[in-house]
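The entries follow the order in which I worked.

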Amino acid sequence: MRRVAIVGTGQVAVRKQYDRGLRELGVVVVKQALGETDKRRVEALYLSNMLSDELQAQKHLAALVADEAGLAGIEAIQVRAATAAGAAALRVAHLAVASGAVDLALAVGVEKMSDQVPTAALAKALDARSEVPDGKTLLSQNALLMALYLQEYGLPPDALAPFSVNAHRNAQHNPHAMFRDRQFTAEQVAQSRLIYPPLRLLDCSPVSDGAAAVLLAPLSDAQQYTSYPVEIIASSATTDRFRMSDRPNPLRLEAAIDSTQKALRQADIKLQDVDFFELHDAFSIMACLLLEASGFAVPGQGWELAANDEIGINGSIPIATMGGLKARGHPIGATALYQSCEIVQQLTGKAGQNQLDEPRVAMLQSVGGAGTTILTHLFSGAS
Ligand code: COA
């Protein structure tokens, strides 16, 4: 397999109710990711989106965006993994370039969640036969995880509030973040509107629209495209039992444990080598469980990393460094591509006021459904 690098990035500001359509958003981020690169060199475009079938009555988005971007003729394929779609597109693009099948590939994520209330469409990530008919949604499943966690470890309802405080603090300096102007105290998070007990508004990622893209090339060619390549040093994907109710301990995210270990082995590094962690903090409880599954905290103590601000920019394991899913926003199919762009910013010293102190290795983890599918990517500032 060849070594692969990100050699271009594109992202638009996340918003609710974008005036532009999916294809226009896709074209903008494709152009940004290409920069000065001649588009005739692009051989493949892998596009991630979860909801356009239901919300925009549009399938076949990859070919549509490729055509609109002036790339008609190339391989253009849509990649899906429910709420982890963006990471799946990144993985497929990575595999295509690593295998030698493709020399220049785009991974593009586009999502417009706000055209309709998306809750029912999002719930299709769950089992349509035995979960959805009972009224289960991603909100209810994450509320259940949160309730189980608080009960199991005897914690007060506001134990996870510092996750949201950190995310909003980091979003204020990110020009692409949906919420740049809202700072919250832990008390305000704990008193925000109850959505699905014990889940409150500020424990949740918002309904959001956005698009992001990365351009991938063999590391050996990277300098042809950019002076600041970032290498993808591992890519792994795993699954757990599909339904949460079939897992012996739903608080133990087996797929995240396996995916992290696989990625670390692939990159031949240790967890301690990871300088920051862009994780799937769509709900604060998910951030907490991923920190535990990946090994940054023992079970039952993930919340303490937030309470002690170890997840902050100056902490031992910074997360959501540009606002994360709750404050940058979580336009589903685009999210892991936003995170990839932010990781490139951090690893190349371009993260502005949120810049970490010379980070070398980043971990990205994405969740499909309620812990069913996990993808982990590791990145290193390439020289
Ligand atoms: N941080 C800060 N403010 C937020 C926020 C967040 N994470 N989420 C919403 N808000 C704000 C909105 O901007 C709005 O403020 P305004 O009144 O000043 O305009 C207000 O709270 C109400 O937001 P709105 O989107 O209208 O609330 P809602 O009741 O329609 O939806 C949720 C709230 C939580 C139900 C919805 O955001 C949701 O379903 N989130 C989860 C989506 C999901 O499942 N994603 C996939 C996860 S993997």
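The entries below concern the model, a helix pair, the nonpolar cores and the ligand.

**Entry 1: the model.** I noted that this is a predicted model, in which local features need pLDDT of at least 70, side-chain atom pairs count only at pLDDT 80 or more, and totals for chains, interfaces and linings use all residues. Residues are numbered from 1 along each chain as its sequence is written, and side-chain values use heavy atoms, with hydrogens and water left out.

**Entry 2: a helix pair.** I looked up helix H4 (residues 85-99) and helix H13 (residues 335-347), whose axes come within 5 Å and cross at roughly 65°. Helices here are DSSP runs of H or I with at least four residues, numbered from the N terminus. The axes are lines fitted to C-alpha atoms over the stretch in contact, and angles run from 0 to 180 degrees between N-to-C directions. Gly 86, Ala 87 and Leu 90 of H4 meet Ala 336, Leu 337 and Ser 340 of H13; contact means heavy atoms within 4.5 Å.

**Entry 3: the cores.** I found that the largest nonpolar core has 74 residues, of which Leu 45 and Phe 379 touch the most other members. Such a core joins buried Ala, Val, Leu, Ile, Met, Phe, Trp, Tyr and Cys residues through side-chain atoms within 4.5 Å, buried being under 20% relative accessible area with a 1.4 Å probe, protein chains only. H4 gives the largest share of this core, eight residues. Another core, of 53 residues, lies apart from it and includes Ala 143 and Leu 155.

**Entry 4: the ligand.** I recorded 21 residues surrounding the ligand, with Lys 16, Arg 182, Arg 193, Cys 204 and Ser 205 the closest; a residue counts if one of its heavy atoms lies within 4 Å. A polar backbone atom of Cys 204 is 2.9 Å from a nitrogen atom of the ligand.

Technical notes:
Helix = DSSP H or I, 4+ residues; strand = E, 2+ residues; numbered from the N terminus. Buried < 20%, exposed > 50% of the residue type's maximum accessible area, 1.4 Å probe, protein only. Polar contact = N/O pair within 3.5 Å; in protein donor to acceptor, adjacent residues only side chain to side chain.
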